Amino acid sequence: MAAAKRLGIGVIGIGWVAREHIKAWKNNPHCAVVALASHSVANATSAKETHGLSDARLYTDWAELIRDPRVDVVDICSMNHLHVPQGVAAAEAGKHVLIEKPAANDLAGLRQLERAIDASGVKSLVGFELHWSPYFESIRSMRDNGFFGSIFYAECDYFSGNQDKWYQGYHWVKTREKGGGALPAAGCHAVDAIRQFVQSEAVEVFAYSGNFTRVMEWDPTIVTLIRFADGTIGKVGCILEGNVTYQFNVRLHGSKGTLVNDRFLTSFIPGQTGWAQFPTILPDTPEVSHHPFQAELDHLVDCIREDRTPTVDIKDAVKTHEIMFAAEQSAREGRPVKLPLS
Ligand SMILES: NC(=O)c1ccc[n+]([C@@H]2O[C@H](COP(=O)([O-])OP(=O)(O)OC[C@H]3O[C@@H](n4cnc5c(N)ncnc54)[C@H](O)[C@@H]3O)[C@@H](O)[C@H]2O)c1
């Protein structure tokens, strides 16, 4: 029997995150990186050489990469405001898509992307790689095994200030047009996280936001309260200004137990008299080489090969993005916003 053809991967936007994706694609035996698109020929050439992609074609126009018949999967690692047009074009060309977060900067773009992916039937995965974080896997397993009983309150925080000192994409991410806002730029990971831990749909959101340092065009501090259908109350803190190094907090309170980051207290374990700490790999750095991209990308490849729906496909990601956009609307208008958004 002939060996199955390897999936041709085309990567758009050869920056910080793309280089980690390329490493992960190269490690997957069912894939070959066949094309790179970047506005900067120097970036694309340097990635081609560094990663030994001798067969990869280089494009300065991403639309040409999408049209390349060797490309089966389009990996969108470009600036946030390009994710919708590139995702729509890829889906319309019948190419599977991995879209880095955010899928879109606003609701109109999100709907457009969702429609295009639905209509084409291609597989989609949106870049919430923390689904494959060992720490997140531990928490979900504790929850499923009854450590916390019935969860009634959950908090997730994404704190990361001083981005100008370490983030190469800072010049575009801080703009409203390209970065979008605090939740599209970064806090979306915390919104996605709270949805992973609270297994109920969000039905209402209230948020306050502020811009206290004026380093971003959008409000870099936004605190969102979420009411879930089962009554659970959630809170997502997102602070991208001030003097704070990266910190991702998770707190869960349930009828039988509580989790505070890597410590838990539970009556599920008889005789536990105080906080127990579980050693794990915490999501405690924004450094992309630390992120579980390998497991995320392998999952997409398995789903394509086995015709399964990826865990965080566009449909799932839409729910996270609706919370984000409802929070922005609530902060603007000073009132609660019901979900789903019409
Ligand atoms: N999932 C995660 O944990 C994670 C982590 C980092 C970044 N990301 C996402 O990945 C995407 C890329 O982010 P990044 O950190 O790699 O950013 P980056 O700035 O390093 O790269 C972005 C791309 O845009 C290009 N670019 C920059 N300025 C440009 C311009 N003026 N005109 C045209 N192209 C330009 C860069 O060359 C690069 O190809 C973003 O959407 C970001 O949100 C996700």
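Predicted model: local features only at pLDDT ≥ 70, side-chain atom pairs only at ≥ 80, totals over all residues.
Reader: Let's start with the layout. How far apart do the C-alpha centres of domain 1 and domain 2 lie?
Author: The domain assignment gives domain 1 as 7–128 + 293–312 and domain 2 as 130–288 + 320–338. Take the C-alpha centres of these two domains, and the separation is 26 Å.

Reader: And which element gives the largest share of the side of domain 1 that touches domain 2?
Author: The contact takes 20 residues from domain 1 and 18 residues from domain 2. On the domain 1 side, the elements giving two or more residues are helix 1, helix 5 and helix 11 (293–306). With three residues, the largest share comes from helix 1.

Reader: What's the make-up of that side by class?
Author: Charged residues number four there and polar ones five. The rest of the side of domain 1 that touches domain 2 is nonpolar, with 11 residues.

Reader: On to the ligand. Which element gives the most to the shell around the ligand?
Author: The shell holds 23 residues, and the closest are Gly15, Trp16, Val17, Glu100 and Gly169. Each of domain 1 and domain 2 supplies at least three residues. The element that gives the most, with three residues, is helix 1 (residues 16–27).

Reader: If I were setting up charges, how many residues of that shell are charged?
Author: The shell around the ligand has 12 polar residues and eight nonpolar ones. That leaves the charged class, which has three.

Reader: Now strand 5. Which residues point the other way from His96 and Leu98?
Author: In a regular strand, side chains alternate between the two faces of the sheet. Strand 5 covers residues 96–99, and His96, Val97, Leu98 and Ile99 are all buried. His96 and Leu98 point one way, and the other way go Val97 and Ile99.

Reader: Which helix makes a β-α-β unit with strand 5 and strand 6?
Author: Strand 4 and strand 5 make a right-handed β-α-β unit with helix 4 (residues 83–92). Strand 5 and strand 6 make a right-handed unit too, and the helix there is helix 5.

Reader: Last stop, the antiparallel strands. Which residue takes a positive phi in the hairpin of strand 9 and strand 10?
Author: Strand 9 (residues 221–228) pairs antiparallel with strand 8 (residues 202–210) over eight bridges, with glutamate 204 opposite arginine 227. Seven bridges join strand 9 to strand 10 (residues 233–239), also antiparallel, and threonine 224 stands opposite valine 236. The hairpin has four residues between the strands, and the one with a positive phi, near 95°, is glycine 231.

Conventions:
Residues numbered from 1 in each chain as written. Near = placed C-beta within 6 Å. Nonpolar A, V, L, I, M, F, W, Y, C, P; charged D, E, K, R; others polar. Domains from an automatic or database assignment. Pairing = 2+ DSSP bridges. Contact = placed C-beta atoms within 7 Å. Buried ≥ 20, exposed ≤ 12 C-beta atoms within 10 Å, placed from the backbone. Right-handed = clockwise from strand over helix to strand, strands pointing away.
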